[in-house]
Amino acid sequence: MHLLIADFTLRITSELPIYMEEGYQPFLQEGEIENPDINIECLSGIPEDFQNVKTFLFEAEDRNQKFYSIFKHKDGLGFYIYDQQDINTIQQIALLDETLTNWKIFSRPLFNGTLFPLKYPMGPILMYYLTVNNEAVMMHASGIFNGKKGRLFTGFSGYGKSTMSRLWQSCGNLVINDDRLIIRKQDGGFFMHNTPMYYTDQPKKSPVSAVHLIRHASENSSKKVSGAQAVSKVLAFCIQNNFDKQFIQNHLSFMSELCSAADVYETGFLPDTDIVRYIQENDY
Amino acid sequence: MDTSSLYLLKSKYVTKEIGDELVLVPLSGNVSQMNELFTMNETGRFIWENLSKKTTVEDLVEKMTESFDVSEEEAEKDILLFLEKLDKL
């Protein structure tokens, strides 16, 4: 089987039948493909010999949760993915080769004999590693398309990304996604794509014309930022595993181009639909 | 902060020149630091560009007072603040 996510092709092979969450179903493609962007081989069981600690590279954790650890492996990168209900349990071990294109994902079979290789957070990790060498970033943002122009709204958690999506949707605009997007450079332009979530949604794509760094405020306002300020502020809301200099360089170069092609604004807003009109009148 | 190894601070960052400014991103083993990137003002960039293998704080103070209208005390204070910021990220 294969998935098409953000116009990337992911070929999946498995020694057991695969269980995939409903959010992935619209991204499944029929038929065979010749040159996938990445290959994912799904294997049954967690091998004991990978439990020996290799060189530690990166820990993805925050105050509330531990998601995964990355180690240098003799053939590339090794990932320990933790069960989000029990962080002392490793739910998958994944190996990514040095070309960043071939994955092996080890997981225990479910009670019905299927494998669940993309169980969260493995799915988003795969998607993130699609971006690091492919003129793309993965971003925490809401993406809105009004039929002509695409706008990204990003900011800290609680700063209004979902509110902004709801307001634009109520005015008849298309929400690409209100949480996580992949932004790609394609055919000389920049495009945002949604990715599989825990709920069902169709694959969507839109050009990127502007980026708004949003916050709740006592009045609607918008101030353009550019250059290094724009790059650093927008990049801060991209997903980054910053243990590798080349990954960082790639993302910095991408963001520099994106912030030249799209206008970047710091936007304060009140939570009503006036902000939709305000932005449409003021960001071009 | 160990001022005998100032140059090593540079290896903790990846930089990109955008216009006449520099963006710095820290190499990090922890996801909680991924939002801590910053841009350099003129003084910061001057210090960054003058950090070489055998640079001392005294060297930086001397170069800064030669290039900017600033006293030795002010220069040293700015330099130490900047280096501490680099070291903490």
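## Working through a predicted two-chain model

The buried residues of α3(A) are A:Ala228, A:Ala230, A:Val231, A:Ser232, A:Lys233, A:Val234 and A:Leu235.

### Exercise 1: Follow helix α3(A)

Work out how covered α3(A) is, and what it does at the contact between the chains.

**Solution.** 

Step 1. Start with burial. Seven of the nine residues in α3(A) are buried, so call the helix mostly covered. A:Lys233 is among the buried ones.

Step 2. Now look across to chain B. The contact brings together 21 residues of chain A and 20 residues of chain B. On the chain A side, β5, α3 (227-235) and α4 (245-261) each supply two or more residues. The largest share comes from α3(A), with six residues.

Step 3. Zoom in on one residue. Setting aside neighbours within four places in sequence, A:Val231 is in contact with A:Met255, A:Ser256 and A:Cys259, and also with B:Ile18 and B:Val23.

### Exercise 2: Find the cores

**Solution.** 

Step 1. The largest nonpolar core counts 87 residues. Inside it, the most contacts belong to A:Ala94, A:Ile183, A:Val231, A:Val234 and A:Met255.

Step 2. Domain 1 (2-131) and domain 2 (136-282) of chain A each put in at least three residues.

Step 3. A second, separate core has six residues, including B:Ile47, B:Leu60, B:Val61 and B:Ala75.

### Exercise 3: Size up chain A

Decide how compact chain A is for a protein of its length.

**Solution.** 

Step 1. Compare the radius of gyration with the globule rule. Chain A comes out at 20 Å, close to the 19 Å that the rule gives for 284 residues, so chain A is as compact as a globular protein of that length.

Step 2. Along the principal axes, the C-alpha atoms of chain A fill a box of roughly 60 × 35 × 35 Å.

Step 3. Look inside. Of the 284 residues of chain A, 40% count as buried. Among contacts between residues at least 6 apart in sequence, 63% join residues at least 24 apart.

### Exercise 4: Describe the contact between the domains

Which elements make up the side of domain 1 of chain A that touches domain 2 of chain A?

**Solution.** 

Step 1. Chain A splits into domain 1 (2-131) and domain 2 (136-282), and their centres, taken over C-alpha atoms, are separated by 27 Å.

Step 2. Count the partners. Domain 1 of chain A gives 19 residues to the contact and domain 2 of chain A gives 19 residues.

Step 3. Name the elements. On the domain 1 side, β1 (2-5), β5 (55-61) and α1 (122-131) of chain A give two or more residues. The biggest giver is α1(A), with five residues.

Step 4. Sort the residues on that domain 1 side: twelve are nonpolar, four polar and three charged.

### Exercise 5: Trace a sheet

Start from the strand order of the nine-strand sheet in chain A and find what β1(A) pairs with.

**Solution.** 

Step 1. Write down the order, β3-β1-β2-β4-β9-β8-β7-β6-β5 (chain A); the sheet is open and its pairing is mixed. The edges are β3 (28-29) and β5 of chain A, each pairing on one side only.

Step 2. Take one neighbour of β1(A). It pairs with β2 (residues 8-14) of chain A in the antiparallel sense, over four bridges. Within this pairing, A:Leu4 has A:Thr9 as its bridge partner.

Step 3. Check the turn. The hairpin of β1(A) and β2(A) has two residues between the strands, and A:Ala6 takes a positive phi near 55°.

Step 4. Take the other neighbour. β1(A) and β3(A) run antiparallel and are joined by two bridges, with A:Leu28 as the bridge partner of A:Leu3.

### Exercise 6: Buried or exposed?

Is A:Gly150 buried or exposed?

**Solution.** 

Step 1. Locate A:Gly150: the residue is found in strand β12 (residues 150-154) of chain A.

Step 2. Apply the cut-off. A residue is buried if 20 or more other C-beta atoms lie within 10 Å of its own. A:Gly150 has 24, so it is buried.

Step 3. Look at a partner from elsewhere in the chain. A:Val208 is 58 residues away along the chain, and the two C-alpha atoms are separated by 4.6 Å. A:Val208 is one of the residues that A:Gly150 touches, along with others including A:Phe145 and A:Met192.

Conventions. Residues are numbered from 1 along each chain as its sequence is written. Chains are lettered from A and ligands numbered from 1 in the order in which they are written. This is a predicted model: local features need pLDDT of at least 70, side-chain atom pairs count only at pLDDT 80 or more; totals for chains, interfaces and linings use all residues. A nonpolar core is a set of buried Ala, Val, Leu, Ile, Met, Phe, Trp, Tyr and Cys residues joined through C-beta atoms within 7 Å. A residue is buried if 20 or more other C-beta atoms lie within 10 Å of its own, exposed if 12 or fewer, and partly exposed in between; C-beta atoms are placed from the backbone. Domain bounds come from an automatic or database domain assignment. Two residues are in contact if their C-beta atoms, placed from the backbone, lie within 7 Å. The radius of gyration is taken over C-alpha atoms; the globule rule is 2.2 Å times the number of residues to the power 0.38. Ala, Val, Leu, Ile, Met, Phe, Trp, Tyr, Cys and Pro count as nonpolar, Asp, Glu, Lys and Arg as charged, and the others, Gly among them, as polar. Two strands pair if DSSP finds at least two bridges between them.
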